[in-house]
Amino acid sequence: MAMPRPTAAQLAYGSCTVILSTLAMLLLSQTSSGVGIAVITVAALALGLLVALTVPLPGKRPAAVEQPAPVEPVRAPVTAPAQEPVRERAAS
């Protein structure tokens with residue numbers, strides 16, 4: 001089974017993460033030893049790899065779950081009952 005190639009977004013996010021995190025950690029730690037720089041470099045590479053792998057792939061979207069439309073009762077037009085003519089009763 002072939003391993004899928006990284007997308008342009010994965011490469012861009014991963015590379016930017018490696019560069020920016022390396023610079024930030026070197027500036028914040030102010031280390032000058034070779035071991036310190038090596039540790040920071042390995043940590044930045046691991047962080048860049050993590051970011052690149054978590055970028056969503058374009059073809060791997062979860063299918064949207066369709067929910068049924070809410071059932072509304074059918075409302076028939078209400079008409080007033082026909083008025084019956086008033087009949088007067090004959091006096092008995």
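Colleague: What should I know before we start?

Modeller: This is a predicted model, where local features need pLDDT of at least 70, side-chain atom pairs count only at pLDDT 80 or more, and totals for chains, interfaces and linings use all residues. Residues are numbered from 1 along each chain as its sequence is written, and side-chain values use heavy atoms, with hydrogens and water left out.

Colleague: What makes Gln 10 part of helix H1?

Modeller: Helices are DSSP runs (H or I, at least four residues), numbered from the N terminus. H1 covers residues 8–29, and Gln 10 lies in that run.

Colleague: Why is Gln 10 called buried?

Modeller: Buried means under 20% relative accessible area, exposed over 50%, and partly exposed in between (1.4 Å probe, protein chains only). Gln 10 has a relative accessible area of 10%, so it is buried.

Colleague: Why do Ser 15 and Cys 16 count as partly exposed?

Modeller: Ser 15 lies in H1 and has 39% relative accessibility, so it falls in the middle class. Cys 16 is also in H1, and its value is 46%, so it is partly exposed.

Colleague: What does the side chain of Gln 10 contact?

Modeller: A polar contact is a pair of N or O atoms within 3.5 Å; within protein, one must be able to donate a hydrogen and the other to accept it, and residues adjacent in sequence count only if both atoms are side-chain atoms. A polar atom of the Gln 10 side chain lies 2.9 Å from the backbone nitrogen of Thr 7.

Colleague: Which residues of H1 are buried, and why do they line one face?

Modeller: They are Gln 10, Gly 14, Thr 17, Ser 21 and Thr 22. Seen down the axis, they fall within an arc of 120°, so they line one face of H1. The arc is that of the directions from the helix axis to the C-beta atoms. On the other side of H1, Ala 8, Ile 19, Leu 20 and Leu 27 are exposed.

Colleague: Which residues of H2 are buried?

Modeller: Gly 36, Ile 40, Ala 44, Gly 48 and Ala 52 are the buried residues of H2. They cover an arc of only 135° around the axis, which puts them on the same side of H2. The face turned away carries exposed residues, including Val 35, Val 39 and Leu 50.

Colleague: How far apart in space are Cys 16 and Ala 52?

Modeller: Their C-alpha atoms are 9.9 Å apart, while the two residues are 36 residues apart in sequence. The C-alpha atoms of Ser 15 and Val 51, also 36 residues apart along the chain, are separated by 9.3 Å.

Notes
Helix = DSSP H or I, 4+ residues; strand = E, 2+ residues; numbered from the N terminus.
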